Amino acid sequence: MNLSAKRSILLTVCACMALALSAQPAKKEIGLQLWSVKEDMGKDAATTIAEIGKMGYTFVEAAGYNDGKFYGMEPAEFKALVDKNGLVFLSSHTGHPVPDADNLDETMKWWDACIDAHKAAGVKYIVQPSMDQKGYGSLEDLKRYCDYFNAVGEKCNAKGIRFGYHNHDKEFGEVDGITRYDYMLQNTDPKKVMFQLDLYWIMVGGKDALDYFNKYRGRFEMWHIKDKKEVGASGVMDFKSTFAARKKAGMKHIIVEVEDYSYTPLISVQKSLEFLLNADYVK
């Protein structure tokens, strides 16, 4: 066989391989909020992270930051554990209640240390998962929270981290005739504060995610994909319609969270992942 024929065969083989690879579906980027497996993380974080990696999740969101460490590990150590198992340490739930004037400096120093630890771990998003009772009290206190979140978001921006807020159902109650969640969206700077919408809790709060996507376009960069128990098990959640509006919402990342279980937590998060992997509307 001459050189020209060999080259022709080689080019044909390469073309076929490229075609086969292009025909394979792109891997779905789906994360797991580690609060879903909090007891397992407390007992054996290394084994739990390894199991999550084997399932097919692509990134994790922590819920175990404390005193500069993640689940008792230094930032670089926890990042290495996550990396080792083929995952990305993308985001983290942590936060601090709105400070009063007498502890403002102390609180902001706490945030400086917190942001530095997350930066060292390679985290791209810090999400405050709730407010204390002041956030659900007067409109004046809710405004203080919004101003506070703007300030924290500015600090995060300076270190290349995106700051956001995660809802439960109480944010959809009213204060002085105004829905708290709407007030927060209207009084935070989109450049400093994004919103991580929990699709289950907004439903429990009596509101429709699609209405918010229409009214506040681009504000919902992260979603918590949640159900009563395992994702997709209740048959109540209309995930298909929600995903159809992902561009309007500004969605960049989806994260599974399970807080009530029909199985062990690890099996429940695996079943939740399988549901999303099999859903053709999840791209």
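Me: Which residues line the second largest pocket?

Reply: The general idea: rolling a probe the size of a water molecule over the atoms shows where empty space is left. A pocket here is an open set of points on a 1 Å grid over the protein atoms alone, where a 1.4 Å probe fits, with protein on both sides within 12 Å along at least five of seven lines; lining residues have an atom within 4 Å of a point. In this case the second largest pocket is lined by Gln33, Trp35, Ala63, His93, Thr94, Pro129, Ser130, His166, His168, Glu257 and Glu259. This is a predicted model: local features need pLDDT of at least 70, side-chain atom pairs count only at pLDDT 80 or more, and totals for chains, interfaces and linings use all residues. Residues are numbered from 1 along each chain as its sequence is written, and side-chain values use heavy atoms, with hydrogens and water left out.

Me: How does the lining of the second largest pocket divide into nonpolar, polar and charged?

Reply: Ala, Val, Leu, Ile, Met, Phe, Trp, Tyr, Cys and Pro count as nonpolar, Asp, Glu, Lys and Arg as charged, and the others, Gly among them, as polar. On that scheme you get 3 nonpolar, 6 polar and 2 charged residues.

Me: And what does the lining of the largest pocket have, by class?

Reply: That one has 8 nonpolar, 2 polar and 3 charged residues. Of its 13 lining residues, Asp208, Ala209, Met237, Asp238 and Thr242 lie nearest the centre.
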